[in-house]
Amino acid sequence: MKIAVVILNWNGVQLLEQFLPSVLQYSPEATIYIADNASTDDSISFVLANFPSIKIVKNNTNLGFAGGYNEALKHIDAEIYALVNSDVEVTKNWLQPILKTFENEPETAIIQPKLLDFKRKEYFEYAGAAGGFIDQYGYPYCRGRIFDTLEKDNGQYNDNCEIFWASGACFFIRSSVYKRLKGFDADFFAHQEEIDLCWRATNKGFKIKYNSESVVYHVGGATLEQGNPKKTYLNFRNSLLMLTKNLPKDKLYWILFCRMILDGVAGFHFLSKGKFNHFLAILKAHSSFYQLFSSNLKKRNKFQIEKHYNTKSIVYSYYINNGKVFVK
């Protein structure tokens, strides 16, 4: 199968210098692309001088993760897109298990590899760990990561299984499905757009899989640190947009109402910790959500599937029942 490894870049020359060698070494099956989001550093000249085999697609402006990939992939011809963060180190034979799954399972549209922490390689990494799920209020969590608690990789997730969402840090998708779904939602800019895309794929009857035979290491937070208020803003806003677009109709308004209350609790928690900028980020997220609500309500599919939708509260499990480890 024809596969394109596409690395989105914005002013990330140091990351490209560090991580491109592993991608080149271990990806003989793929054509490698840099999708550049109008960088102002010397990213492009560095790649041209040091990695002439890599193809470059230039976006005219910084369109974020969602819009950046949407624009760049218009110019890339492949059966499979491998969307890989610029701070990901790949390993030997990382592509073969993924391609084999796509070849043998036509209903599988999206796949995530095992995602481990580059800095602590024996631990799972925050962005996707061993595959993602969401709880009834739209809070994402992973096998191997519940909120900020990361599990050590002891082989407990050495399986190949169906999941709810695959991490955008290393995200494999059939190009035909990407086009059918019209790509990521550009309103999101960055953060949780991959969960929204996976949910929309599920509503179309496609499967999302995790494959532990493919292993990559992710730095995480290299482009936007975990404690950055902008990340708080994007995560809170985009989560509400995702729920608006994808929840079953009979649950939509009740769950949005509950989520508003929980967001308020989170805001006051930030205040109690002296994190005023994060409190303001939540207020800003809600304000932006109200402005985008009507347009995103119109994006809803006619058919929403409930079978993969977790009716438990991960917030209650984590903070009340001390549920720090993934339980199916």
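1. Leaving out residues up to four places away in sequence, Ile146 touches Tyr141, Ile314, Tyr318, Gly323, Lys324, Val325 and Phe326, where contact means heavy atoms within 4.5 Å. Ile146 is found in strand β9, and at 1% relative accessibility it counts as buried (buried means under 20% relative accessible area, exposed over 50%, and partly exposed in between, with a 1.4 Å probe and protein chains only). Helices (H or I, at least four residues) and strands (E, at least two) are DSSP runs, numbered from the N terminus.

2. A word on the basis of this note: this is a predicted model, in which local features need pLDDT of at least 70 and side-chain atom pairs count only at pLDDT 80 or more, while totals for chains, interfaces and linings use all residues. Residues are numbered from 1 along each chain as its sequence is written, and side-chain values use heavy atoms, with hydrogens and water left out.

3. Arg145 is also found in strand β9, which covers residues 145-146. Arg145 is buried yet has no salt bridge, and the nearest side chain of opposite charge, Asp148, is 6.3 Å away; a salt bridge is a side-chain nitrogen of Lys or Arg within 4 Å of a carboxyl oxygen of Asp or Glu, and in assigning charge, Lys and Arg count as positive and Asp and Glu as negative, with His and the chain ends not counted. The side chain of Arg145 does have a polar atom 2.9 Å from the backbone oxygen of Tyr126, and this side chain reaches the backbone oxygen of Phe147 at 3.5 Å.

4. The largest nonpolar core has 74 residues, of which Val6, Tyr69, Ile110, Phe171 and Phe184 touch the most other members. Helix α7 (residues 229-246) supplies the largest share of this core, seven residues. A second, separate core of 30 residues includes Val5, Ala30, Ile98 and Phe172. Here a nonpolar core is a set of buried Ala, Val, Leu, Ile, Met, Phe, Trp, Tyr and Cys residues joined through side-chain atoms within 4.5 Å.

5. Helix α6 (residues 193-203) is largely enclosed by the rest of the structure, because 11 of its 11 residues are buried. Just after α6, Gly205 takes a positive phi of about 95 degrees.

6. How many disulfides are there? The count comes to zero, a disulfide being a pair of cysteine sulfur atoms within 2.5 Å. The sulfur of Cys198 is 11 Å from the closest cysteine sulfur, in Cys142, which is too far for a bond, and Cys198 is buried, with a relative accessible area of 0%. The sulfur of Cys161 likewise has its closest cysteine sulfur in Cys142, at 12 Å, too far for a bond.

7. A search of the whole structure finds 12 salt bridges. Lys2 forms one of them with Asp77, the closest N and O atoms being 3.3 Å apart; Lys2 lies in the segment before β1 (3-9) and Asp77 in the loop between α3 (64-73) and β4 (80-84), so the pair ties together parts that are 75 residues apart in sequence. Lys2 is partly exposed, with a relative accessible area of 42%, whereas Asp77 is exposed, at 55%.

8. Asp263 forms a salt bridge with Arg259, with the closest N and O atoms 2.7 Å apart, and these two residues, four residues apart in helix α8 (residues 252-272), are separated by about one helical turn. Asp263 counts as buried at 0% relative accessibility, and Arg259 is buried with a relative accessible area of 3%.

Definitions and conventions. A polar contact is a pair of N or O atoms within 3.5 Å; within protein, one must be able to donate a hydrogen and the other to accept it, and residues adjacent in sequence count only if both atoms are side-chain atoms.
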